[in-house]
Structure formats: structure tokens, C-alpha cells
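Please look over the structure below before reading the notes on its helices. The notes take the form of a short briefing, grouped by topic.

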Amino acid sequence: MMATISSLSLLLSAFISHSAAVASCRYQSASFELNEVQIWPGLGLNWFCPLPATDYSCGSLRWEGDVSFDDGTTTSFTYATEAKSCVHEDVCGAFAGGESGCEYASYTYDVWRPRSCDAANDFDALIATHDVNLYATCCNETVNCNVDVTYDAAACEEEDSFSTYMVELNTCWNEVKRTFMEDLLCDAERGDILTYSEDCLQTDGTWKYSPANAGDSTVQNTDDDNDCSYRVSCAAEMRVLLTDFAQCACTSATSNGYSGNFIGTTMAVNWEIFCPNIEISCAPEGTLSVIYNYWYVRYKFRVAVAKALITEAVTFKIRARIAYLLFLADNSDTVVVEEDATTRRRLQADDSTEGYFQITLNSENKQAAQQIQTAVGATTIVDELSALLETELGTPVTVDTTSASAVTDASVTSTSDFGTTTSTTSTTVTQEKSKAERWGVVIAIAIASIYGLIV
């Protein structure tokens, strides 16, 4: 609940557009209702529209529906969320049917949430079936005419393209979701990512534990097959599959006259606990980008032995030792040990007497990165590395730290072409719908928050 409320300030700023011939309208951040009980009224006030006033109407958006969960027994909930603001005439034309109009879209989709790696039993998936109505209205008869709005399908025009778009997005995900499970999340070589995510991560993807738990067997072994040492779960092969999904999703967006700007927001509930911080964009010329955002801390060292002695086998043992000390998974996605060629060249080092290498500790959550950084500060890594290298090389080895980074954000971008289909939607309307998608982003965030409350 607190997570839902904390997102409301973001919802307010995202919804208010620089958006009829009215002097002022009602501005309201997204409200929330669950089972017809209001759990948050939204933050609202009457306020002036930007100039020129003839370009704006008073807009309102409501997303309502019911969801049924099938996990042996059926449980149902109803939900609704509503937001309001001054809205530009282009958006009204594209999304509400005009400056004084109302349009709605109705569609049904399933959210498939796997809970085990038992493929024979459909991964023990929880299936949530959503039946949704989305209303968009604009009015300009009087000031603040969007304070009290009646949403009635009989009085509104049905808008087919958005309904088709949302159904097609979920069809795109259905085409890849089982491959995502069988080949990636339940991969024995990389470890059972699904069980790790269920046992070791909060619902928002943050880590339940910290490097301070190193050596605590009650945490490291939550059951016989899993430990909660921190790991990066969204490996490159997962991002390749998300790129396959994006090719399908971007094609659907452009064929229905949308920009695709909110694909990642509205669909992220399907993968965010396994692959957080993913952004998807679809360029008009037919190029898509899947952006993976992450954080890291990096430490550089000088080792007073010949560079040739720091072999691949030695670096594997360094990685394993660092992983143990910091309660991290011993894999190359999470802990990267490699030569620091930049420092070696800068200092014109003598490879026969000294070697330079760096350790990069990756994280998919800034809080976890900060925890790792704190643990590194409290751990005598230099002494540990000296002892390890002395054991491996049979002689005392001096190790010095040459630099240590702060928590740093970074990203990896994958690009690809996607197919487009001929659409009767004009370029102008496509641009207008791109503006209108800001509404979709707001409501997608709102509905994800509600989903988090009821699952």
C-alpha cells in the first residue's frame, strides 16, 4: 500500500499535460478503488489551462475492470482508477473522439505468473484474467466541466484500435513466455532464477538480504536447492528474448497507430521481477531499442607479480573468493574479474613484474549496489587477495588498490529492426496518439500498483 501511495507524486507529474476553450479544469492524479472501496482519492485541484485556451479541453480518463485469479479456486476483485487534467485538442481528437467527446475501449487479457519450474503442470502458474474498460472523455462547455464525469459505454463511441493494440501486446508475450521460462528462468546451468526470485527478492525486485549475511547458512540456504546470495538475473540471453517480444510489440503499435512508448510500462508485470529496469522504444523508421539499466561498483588493483601469472584459472578463484566474501553469486554476470588494461597502459607497466586487474560488482537494484559497496568497505579484500594469490602462486604477493568507484549507473542497449504493416491511420493521427499515450502510461502504472495489492 505504501508503495502504491509513494508512486502518486510521479503519477501527478506524469498526468498533468501542457494540454478548448475553457479557462480552467480539474487536475487530479490517479485515484484507486478496490472492490468498490476507495483506497486513495487522488490529489486534485481546479487550475488554469495553458494558453491559448482555444487549444484545450477538460479531460478525464478512467480504467475499470475486474480480475479473476485461477489457482484451483477462483478469486475475483474489481478495481478502478481515474485521472483528470487540461488536455490538448490533438489528444482529445485521437483518444476521446473530439474536444467534447467520449470514447472507450474494452478488452480482455491474461497475466500469467509462473510459480515453479514444473513444466508438466504449466509451471504452477497463477493466471489472472482481466476484463477492462478504458474511458477517455473531453469537455469544453463550462470551466471545470470534468469535475463530475459519468462514464457510460452506451453514450460513448467504442475505439477499436486501442482494444486491438492491447490484445496484440499480450499475444506477443504469449508467444515467448514459455521459452522465457523453460530455457532461461529454469536453466539448471545458471541456477533456478524463478525460485531465487520468489525466495530472495521483494515484489519490487529489491534484495531481501545483504552482504552482511555472508556465512549465514540460514540465509544462504533457504532450502536444499537455493541460496540467496545476490545475483544478476537478467542475463544477455534473456534480453535477446525480450528483443524478440519487442519486435512483435512494436509492429503491433505502429500498425494500430501508436508510438509504442508505453509497451515496457504496461507489460513489465510479466518480467520485472526477473528482468527489472527494462525500457522498450519503437522508432518510427522501424528500429527498436531494448535498454537494460543496472548499477555497478568497480575496484582496481595492482599485483606485484608478472602479468602472465594471473591466468584465467586464477581469476576464477579470485571471483569465487570475492563472491563468498560479499554474499554474491559466483558467476560472470554478477562478479566480473578482468585485466585492467587501461591503467597498465597509462602507467606503462612492466608486464614481467606487475599486473593490473579490476573487479566489477554488478547489480540490478541501486539499493543492493549500495549494500555491496558498504560491504566492500568493511571487508579486507586486499588482504584476502594477497593470501589467495600467495596460496595459488606459492610466494608472497603484494596487492594494492589503485582506485574504487562510487555506485555508478549504466545501461546496455540492444537494437533491432521490426516489421511494420500498412495502416490507414495518417501520420498526423499517429503523432496525436503518441501524445495520448501519456494517459496510457499513467494508468498502466496505476493498474500495476493495484495488481501488486491484490496478488
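The coordinates come from a predicted model, and every value below was computed from it.

**Helix α11**

- Helix α11 takes in residues 366-377, and its 12 residues reach 17 Å from the first C-alpha to the last, close to the 16 Å expected at 1.5 Å a residue.
- Its buried residues are A368, A369, I372, A375 and V376, and because they cover an arc of only 125° around the axis, they lie on the same side of α11.
- T374 and G377, by contrast, are exposed on the other side of α11.
- The elements against which the buried residues of α11 pack are β11 (287-303), α9 (312-326), β13 (355-363) and α12 (381-393).
- At the start of α11, the backbone nitrogen of Q367 has a side-chain oxygen of N365 within 2.9 Å.

**Helices α9 and α12**

- The axes of α9 and α12, two of the elements that pack against α11, come within 11 Å of each other and cross at roughly 145°, and the crossing in which α9 passes α12 is right-handed.
- On the α9 side the residues that meet α12 are V314, K317, I318, R321, I322 and L325, while on the α12 side the residues are I381, E384, L385, L388, L389 and E392.
- An α-helix has 3.6 residues a turn, so residues three or four places apart point the same way.

**S386 in α12**

- S386 is placed in helix α12, and S386 counts as buried because its relative accessibility is 16%, where the cut-off for buried is under 20%.
- When residues up to four places away in sequence are not counted, S386 touches V397 and V399.

**Helix α7**

- Helix α7 takes in residues 236-255, and its 20 residues reach 29 Å from the first C-alpha to the last, close to the 28 Å expected at 1.5 Å a residue.
- The buried residues of α7 are M238, R239, L241, L242, T243, F245, A246, A249, C250, T251, S252 and A253.
- The cover over these buried residues of α7 includes the helices α4 (160-185), α5 (193-200) and α8 (263-267), together with the strands β10 (278-282), β11 and β15 (408-417).
- Just after α7, G257 takes a positive phi of about 85°.

How values were computed: Residues are numbered from 1 along each chain as its sequence is written. This is a predicted model: local features need pLDDT of at least 70, side-chain atom pairs count only at pLDDT 80 or more; totals for chains, interfaces and linings use all residues. Side-chain values use heavy atoms; hydrogens and water are left out. Helices (H or I, at least four residues) and strands (E, at least two) are DSSP runs, numbered from the N terminus. The expected span of a helix is 1.5 Å times one less than its number of residues. Buried means under 20% relative accessible area, exposed over 50%, partly exposed in between (1.4 Å probe, protein chains only). The arc is that of the directions from the helix axis to the C-beta atoms. Contact means heavy atoms within 4.5 Å. A polar contact is a pair of N or O atoms within 3.5 Å; within protein, one must be able to donate a hydrogen and the other to accept it, and residues adjacent in sequence count only if both atoms are side-chain atoms. Axes are lines fitted to C-alpha atoms, for helices over the stretch in contact, and angles run from 0 to 180 degrees between N-to-C directions. A crossing is left-handed if the near helix is turned anticlockwise from the far one by less than a right angle, and right-handed if clockwise.
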